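Open the model in your viewer and keep the selection panel at hand. Each stop below names what to select and then says what is there.

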There are 2 protein chains.
Amino acid sequence: MIFGDSSALILIDIQQGFDDAYWGKRNNPDMEGNIGLLLAAWRHAGLCVIHVRHDSVESGSPLRPGQPGNDFKSVVSPRRGEHLESKSVNSAFIGTGLEDFLRAKKIDTLVLCGLTSDHCVSTTTRMAANLGFKTFLPADCLATFDRVGYDGRPWSAEDIHSSSLASLNGEFATVMLSEQVIEMLLK
Amino acid sequence: MIFGDSSALILIDIQQGFDDAYWGKRNNPDMEGNIGLLLAAWRHAGLCVIHVRHDSVESGSPLRPGQPGNDFKSVVSPRRGEHLESKSVNSAFIGTGLEDFLRAKKIDTLVLCGLTSDHCVSTTTRMAANLGFKTFLPADCLATFDRVGYDGRPWSAEDIHSSSLASLNGEFATVMLSEQVIEMLLK
């Protein structure tokens, strides 16, 4: 497996509003740095980059359009020629032109990064796989937040992240590390 | 909230093949009994029942059509007039007529049961919510299997089940118990 012209890097919801205390405690503080390195290598290889922005319709969300939190983090600032999709639900395939764009570009292989491991990235990964795309997740380029179960059981962000990837790996995606993705880029 | 004519009970992949050792160790041995009670109450209320069957296309899967494992477990044997969808991926909304059926019947509220908490039930729940359905999950009517992370970390079926529900609750579904669903059935 080598990532090439039929591959796209999809950057999901890497927005400033996720730094807000609204979301609670996050894992993987190295996510932004790892994404920066992967994105630089991906751009150097000249492959397709897709930015997905969450335009929240929930009152109180730091991700609503018009709030500073809606902006992308600087590490993923889009460049000219890179594709942008905006969404208002978790899946980047619902209410967007993402699938049509990928089919038109003959892209069949996706590498997904961003926030959060168990909500928008997981949902987009599941749909991508079920729609027939080959899907890869660099674990060190994802993160999530602490959750509390319906039964009151507290879950750390790291355990939610790790258990989510255990459910996704092999069934919906191949989980790896970003340095492995970079090694597999077409030179 | 009361479940009524705009509600459907969706029974996902409750098939004999999930008793095969192929899948490893499962949690919630009471799942079948709980589903039996909920299904009896739902049928007594005269509400819509939808059966989803996984027709696997993977060689070696006990769920392939033509194998005894493809059959439904007896507790959910379909009755005349109940709707059946077959699928070959995790989401019951991809490659099926499920969404069209629900829209035609003006059903906007779903209660999902079955296997597995983190694969097919989770994926179907996520898509249901993102497509705009009000979605409920009775935790005691779901189950899953032990998983191993990409990093080799072992996860028990119970912890995968519980962490999956922590990620779904509030974002994609309201998690509750089957006895609460039964109490909310239109009398």
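Select B:Ile12. Leaving aside neighbours within four places in sequence, B:Ile12 is in contact with B:Val52, B:Ala92, B:Leu112, B:Cys113, B:Gly114, B:Leu115, B:Cys120, B:Val121 and B:Thr124. Two residues are in contact here if their C-beta atoms, placed from the backbone, lie within 7 Å.

A word on the ground rules. This is a predicted model, in which local features need pLDDT of at least 70 and side-chain atom pairs count only at pLDDT 80 or more, while totals for chains, interfaces and linings use all residues. Residues are numbered from 1 along each chain as its sequence is written, and chains are lettered from A and ligands numbered from 1 in the order in which they are written.

Widen the view to the core. The largest nonpolar core has 103 residues, and A:Ile10, A:Ile12, B:Ile10 and B:Ile12 touch the most other members. A nonpolar core is a set of buried Ala, Val, Leu, Ile, Met, Phe, Trp, Tyr and Cys residues joined through C-beta atoms within 7 Å. Buried means that 20 or more other C-beta atoms lie within 10 Å of a residue's own; exposed means 12 or fewer, and partly exposed is in between, with C-beta atoms placed from the backbone.

Next, B:Asp13. B:Asp13 is found in the loop between strand 1 (7-12) and helix 1 (31-44) of chain B. Helices (H or I, at least four residues) and strands (E, at least two) are DSSP runs, numbered from the N terminus. Check the backbone: phi of B:Asp13 is positive, about 55°, although B:Asp13 is not a glycine. B:Asp13 is buried, with 25 other C-beta atoms within 10 Å.

Now B:Lys106. Phi is near 55° here too, a positive value in a residue other than glycine. B:Lys106 is found in the loop between helix 2 (98-104) and strand 4 of chain B. Is B:Lys106 buried or exposed? B:Lys106 is exposed, with 8 other C-beta atoms within 10 Å.

Go to the cis peptides. In chain B, a cis bond joins B:Leu115 and B:Thr116, with omega about -10°. B:Thr116 sits in the loop between strand 4 (109-115) and helix 3 of chain B. In chain A, a cis bond joins A:Leu115 and A:Thr116, and omega is about -15°. A:Thr116 is in the loop between strand 4 (109-115) and helix 3 of chain A.

Select helix 3 of chain B. How many of its residues are buried? The count is 11 of the 11, so helix 3 of chain B is largely enclosed by the rest of the structure. Among the buried residues are B:Cys120, B:Thr123, B:Met127 and B:Asn130. B:Gly132 follows helix 3 of chain B, and its phi is positive, near 100°.

Helix 3 (residues 120-130) of chain A and helix 3 (residues 120-130) of chain B pack at about 105°, with their axes 10 Å apart. Axes are lines fitted to C-alpha atoms, for helices over the stretch in contact, and angles run from 0 to 180 degrees between N-to-C directions. The two helices are therefore roughly perpendicular to each other, a label for angles of 65 to 115 degrees. A:Thr123, A:Arg126, A:Met127 and A:Asn130 meet B:Thr123, B:Arg126, B:Met127 and B:Asn130.

Show the whole interface. The contact takes 29 residues from chain A and 29 residues from chain B. Helix 4 of chain A gives the most to the side of chain A that touches chain B, with eight residues.

Pick A:Ile160, placed in helix 4 of chain A. A:Ile160 is buried, with 24 other C-beta atoms within 10 Å. Not counting residues up to four places away in sequence, A:Ile160 touches residues including A:Trp155, B:Ser163, B:Ala166 and B:Ser167.

Finish by superposing the chains. A rotation of 180° with 0.0 Å of shift along its axis puts chain A on chain B (RMSD 0.0 Å). The same surface serves both copies: 100% of the contact residues of chain A recur in chain B.

Methods: Angles under 35 degrees count as roughly parallel, over 145 as roughly antiparallel, 65 to 115 as roughly perpendicular and the rest as oblique. Copies are superposed by least squares on the C-alpha atoms of residues with pLDDT of at least 70 in both.
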